[in-house]
Amino acid sequence: MQLLSPRRFLIVSSLSLSQICFSQKGIPPEEIIKIERTTNFPQISSFTSATVSSLHTLAGWTVNVVATGLGKPRMLYSVKPGELYVTRRDAGEILLLRDTDGDSKFDELYPVVAEFKGVHGITIKDGWLYGCSNRELKRFKLTDSGTVTVEELLIKDLPDGGQHGNRTMEFGPDGFLYVSVGSTCNDCYETNKENATLLRIDPETWKRTIYARGLRNTIGFAWHPETKELWGLDNGSDAKGDTVAPEELNKIEKDLDYGWPVAWGKQVADKTREDPPGTTVEEYARNSASSTLEFPAHSAPIAFRFIDKENAIVCWHGSWDRKDPVGFKVQLIRFNNGKPSAGPDFLSGFLDQKTRSTSGRPAGITVDSNGIIYISDDANGVIYSVTKNKNNSISSSK
């Protein structure tokens, strides 16, 4: 029988909490891992009329405020110009915003779905509006006016989300519905095999299978419009220091294991973890799927969308657990012949490093049929539009 080496690790907290944690196997290891943990919530500064003037867009684009006072808007979906659906998880609502006078700002609001506790994910297909909460998937028949009539409960037993209950979903090119199910915890071995996965649901039977696993919390995922490859941004674990674990962009493929909670990034073993049954953390990491790109730890990716075949954007919701805050912006990810690379900031200026404060936390993204990009800020209840200037080519922007 193979004896697997346990590990112990030292946690040094910036909150003056220090302790040594030993593996349950009780054998002193040779290696001690030191971790410095920081808790640092940037102060949220209130939205004012001057806030938008402090924001910066990629050259050739313009940002405007199109709605305010929305509480905590999260995921967005656009069906046609001048209309926008918004989920409000805390209020249990899906809102319909309308621009009735053509000034490119929303002036009417309708709560089309109410009393849907924790609703977060949203998509629309074939005249049905779909909403997803921690445990439930529902759909609502859309009317010509954009409101809903019939309500159907499709699934009521999604695994409990625990720490990560914010479900997102989208129909893939294959016609199946994909739903992200995050981990119940920061760093643990799950007892429910459907946690920390991406599920694939048959829209005829509503039966589901696990498409990919080892994904701690992949809220933002999307298919490349040309290659049809599936890409997603995964949130790395907290409480391991300012620089690990990185956030990762993964090409998500069927039946692959992306390593969490044993590995991150390009098959890096997490040496603070005990060995999984029957193997070691090093061996498990070697057999996991490698990430394609890594980004600064604790940036917290939320929504992720392609805006054309060469560019995608991601909302970095922003850190709470590192000394120098990161995130609080929208970043471009370039795709050259289908291969991604980190691009420049697309919308930034929310974070003030001098005052350690932020004027917003980008959360949701959608793009309407006219190419207008909408971005929600769930800290100040604002929705921004980002529009391309005439004669602008994003592919050549620097």
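These exercises walk through selected residues and strands of a predicted model.

**Exercise 1**

Decide whether Ile365 is buried or exposed, and find what surrounds it.

*Solution.* Start with the location. Ile365 is in strand S31, which spans residues 362-367. Next, take the accessibility. Buried means under 20% relative accessible area. Ile365 has 1%, so Ile365 counts as buried. Then list the contacts beyond four places in sequence. They include Leu76, Phe304, Ile313, Cys315 and Tyr374. Finally, look at Cys315. It lies 50 residues from Ile365 along the chain, yet 7.6 Å separates their C-alpha atoms.

**Exercise 2**

**Exercise 3**

Explain why strand S9 counts as largely enclosed, and identify the strands joined to S9 by bridges.

*Solution.* Count the buried residues of S9 (residues 93-98). Six of the six are buried, so S9 is largely enclosed by the rest of the structure. Check each face. In a regular strand, side chains alternate between the two faces of the sheet. One side of S9 holds Glu93, Leu95 and Leu97, and the other holds Ile94, Leu96 and Arg98; all are buried. Now the partners. S8 (residues 83-88) runs antiparallel to S9, with six bridges. S10 (residues 108-113) is also antiparallel to S9, with five bridges. Val86 stands opposite Leu95, and Pro111 in S10 is a bridge partner of Leu95. Last, the turn. The S8 and S9 hairpin has four residues between its strands, and Gly92 takes a positive phi near 70°.

**Exercise 4**

Locate Thr218 and name the residue whose side chain makes a polar contact with that of Thr218.

*Solution.* Thr218 sits in the loop between S18 (208-213) and S19 (220-223). Its relative accessibility is 2%, so Thr218 counts as buried. The polar partner is Asp234, whose side chain is joined to that of Thr218 at 2.8 Å. Other contacts of Thr218 include Thr168, Ser180 and Ile252.

Key
Residues numbered from 1 in each chain as written. Predicted model: local features only at pLDDT ≥ 70, side-chain atom pairs only at ≥ 80, totals over all residues. Heavy atoms only, no water. Helix = DSSP H or I, 4+ residues; strand = E, 2+ residues; numbered from the N terminus. Buried < 20%, exposed > 50% of the residue type's maximum accessible area, 1.4 Å probe, protein only. Contact = heavy atoms within 4.5 Å. Polar contact = N/O pair within 3.5 Å; in protein donor to acceptor, adjacent residues only side chain to side chain. Pairing = 2+ DSSP bridges.
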